[in-house]
Structures are given as structure tokens and as C-alpha cells.
Amino acid sequence: MSLDLFRQTLEAQRLAQADLLRRRGVVGVAVGFRNYKEQATDQLALAVLVQQKKPIEALSADDIVPSDVNGAKTDVVEVGRLEALVNPRDRFRPNIPAGVSIGHYKVTAGTLGAIVFDRNTGEPLILSNNHVLANSNDAEIGDAILQPGPTDHGVRPDDVVAKLHRFEMLRFYNELGMGPSPPTSKPPLFPPGGCDIVELFATLGNTLGKISGSSKRLTSVPRTTPQTEAAPIYANRVDAALARPDNPMLFQQAIVEIGRPNGIKLAQLGMEVRKQGRTTGYTEGAVTLMNATVDVSYGEDFQARFVGQVISTPMSQGGDSGALIMERDSLNAVGLLFAGSRRATIFTPIQTVLDVMDIDL
């Protein structure tokens, strides 16, 4: 694959993304290899992600995706309904590994991704998603974190193992009115039915900052403000939160069935990856799309737009949210899983998570 071609495709994405995302049914735009009859080819394309493919005659002229955009070939990719993954396992004592059930006391359950270290203090912290540890913004610093999560019969006070330490706020928008602020009425965290549910790639990290702008890490929940249709949709970079263990000695740094992460690596198209999650356990997949801008559902009415994400083949279900994505044949961390569908898994590049949350593995 030519570096020049990759850069040209990224530029085509930058120029066309806003227009493509306005089309009915389009939930994301990314760069990847074109598929032909469900098989990946070696032809680079601008991937237009749709919840469900429809025949051309069922679409209006304004909603049809052109075959070529700004010189880049397009590929319409069906990814299903992308949802934040949360759902229901064992109680681990006295050694709690990563990859197991955990959650804010008001949620069901997600996955303990990893033990990480604050860059300023060096203290060990628990890494998972905002919607797992901070109840999709609806939490207070110091709230109880249970292992296992409530759906897995975790209860207060017996199963309180940590307190919410800080989180990156999620910004939602309503399909009827877009805006940069969270909804004044918070969406339900768990949708009915759950979720069936190198230098070349270094350019992706630089692209993130240009697209998404600055982000703010929270130590408390902000006051919400009314939405307005004219306001732009806020671009989220991560769905992430940190908890402080009540007793750090209870926690292992190793991930069940994988081991202790000892490095990080940028995702690449075709990279084989793996994870250990609360619901599906150990699974493997392959990276199919890079630099994805995607709309993820948090309940029936509210969505959040994310930029700079990575998409892989399906390897997760509800409850796997928060799992650390690892390279298959090494102990390098690649990303933090937070959403998916029956056709795809979505994760954030690990370097983005570390930088935004000001932590190290």
C-alpha cells in the first residue's frame, strides 16, 4: 500500500466526511481496504459505514453514496447498530485480574480493562469506560465501584473495591436536535436487548487533534445546557474513566488468559488482535478500518459521535465494554474497547486513551 495513496484517502475523508455523515443511514466514515463479496481486497477505499445496506431504489438521490469522492473510491460497509457495550460474572478475591466484571453501583456490568498509573502521582488506577465506571456521566467522584458489577450480584458494601476517581465526559446529541452538551435528560445506559452486540499510521494520531479539538477531563459532573439545532455535534475522543482501588494489593496487572501488558502499539489494517471481556471471554479479531468517525447509540434516542476510532471484525458483546484490546501475538496493548454490534467491534487507540486520561500502562 502506497503512503501517498493512504494520505490522499485521508484527505478525501477530511473533505467529504461532513457531507457523507448527513446522509440517511450513514453512521460513520473510515479508511480501509475495499470489500468484494465479503472478502477484503488490497484496494484502499473510503469506507462509508451504514447500519443496514439498502437497494438503491429504496434511497433518495441525496442519500446515495457516490462511488468516488474527491478521487477516492468508496465502499459501503454494513456495521449494524453500533451500541455502547455493557452487560453481565464471578467475584474475584483476593486477587482481581483485568478482563473481569466491574461497574459503577448503578449500572449492570462492564469489563475491568487494566491497571494503569497516574502520570503525576504514580498511583495505580483502574481503567475502563465512562459508561461502565461513571454511569454515562451520571456519577459523582467517589462513587462506589463494585467487583463483580451489580448484574453479576455485586452489592454494597461487600463488593465495593474502588471509588470513581475521574472520567472524560461524554457528549451526546439527540436525533431531533444536535448540540455540544449532554442531554438534560440522560439516556438509558443499557438499550433493550443489549448488543448482539511505522510512520504510516503515526499520521492518524495527528489527525485526531485536528478533527476533535481539545477535550476536558472531569473531576465532577458539569451542569448541562440546552441543546440547539444549529450547534455542531461535539466529537468525542474516548469513552473512558478511572477508579482508585480501595486496596491496590487486591488487583493484578495481568489480564485473564493473556498476561500483563508490557508495551503499546499502533493499530494497523489487517492487524490480528485479541481481548478478554466479561461476557465473551477470550476472543480474537482483525482490524478492518482506521481513523473512523462513528455515531454510537446510548439508548434509543441519544447518540455520541467519536473520531479517530479503530474498527475490527466482531469480537465482543454487551458487557465487554472496557476490555483492553491486545495484539494477538504479543503483550502490546492496542486500544480500549467501548462499543460494537453483531458485525463490528469499536475501540479507541490506546495512546489516545493514555494521553487523554494522563496515565501510563
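This is a predicted model: local features need pLDDT of at least 70, side-chain atom pairs count only at pLDDT 80 or more; totals for chains, interfaces and linings use all residues.
Colleague: How do the residues lining the second largest pocket divide into nonpolar, polar and charged?
Modeller: There are 17 nonpolar, nine polar and seven charged residues in that lining. Nonpolar here is Ala, Val, Leu, Ile, Met, Phe, Trp, Tyr, Cys and Pro, charged is Asp, Glu, Lys and Arg, and the others, Gly among them, are polar.

Colleague: OK, back to the second largest pocket: what volume does it have?
Modeller: About 820 Å³. Of its 33 lining residues, Phe 33, Asn 35, Glu 38, Asp 75 and Val 77 are the closest to the centre. A pocket is an open set of points on a 1 Å grid over the protein atoms alone, where a 1.4 Å probe fits, with protein on both sides within 12 Å along at least five of seven lines; lining residues have an atom within 4 Å of a point. The volume is the space filled by probe spheres set on the points, which are joined across faces, edges and corners.

Colleague: Which strands each supply at least two residues of that lining?
Modeller: Strand 1 (26–36), strand 2 (39–50), strand 4 (72–78), strand 20 and strand 21 (302–312). The chain has four helices and 25 strands, counted as DSSP runs from the N terminus (helices H or I, at least four residues; strands E, at least two).

Colleague: Where does Thr 283 sit?
Modeller: In strand 20, residues 281–297. Thr 283 is buried, at 18% relative accessible area; buried is under 20%, exposed over 50%, partly exposed in between, with a 1.4 Å probe and protein chains only.

Colleague: What does the Thr 283 side chain pair with?
Modeller: The side chain of Lys 275, through a polar contact of 2.7 Å. That term means N or O atoms within 3.5 Å, one able to donate a hydrogen and the other to accept it; residues adjacent in sequence count only if both atoms are side-chain atoms. A polar atom of the Thr 283 side chain also lies 2.7 Å from the backbone oxygen of Met 315.

Colleague: New topic: is Ala 16 buried or exposed?
Modeller: Buried, because its relative accessibility is 6%. Ala 16 belongs to helix 1, residues 3–21. Beyond its neighbours within four places in sequence, Ala 16 contacts Val 69 and Asn 70, contact being heavy atoms within 4.5 Å.

Colleague: How far apart are Ala 16 and Val 69?
Modeller: They are 53 residues apart in sequence, and 7.0 Å in space from C-alpha to C-alpha.

Methods: Residues are numbered from 1 along each chain as its sequence is written. Side-chain values use heavy atoms; hydrogens and water are left out.
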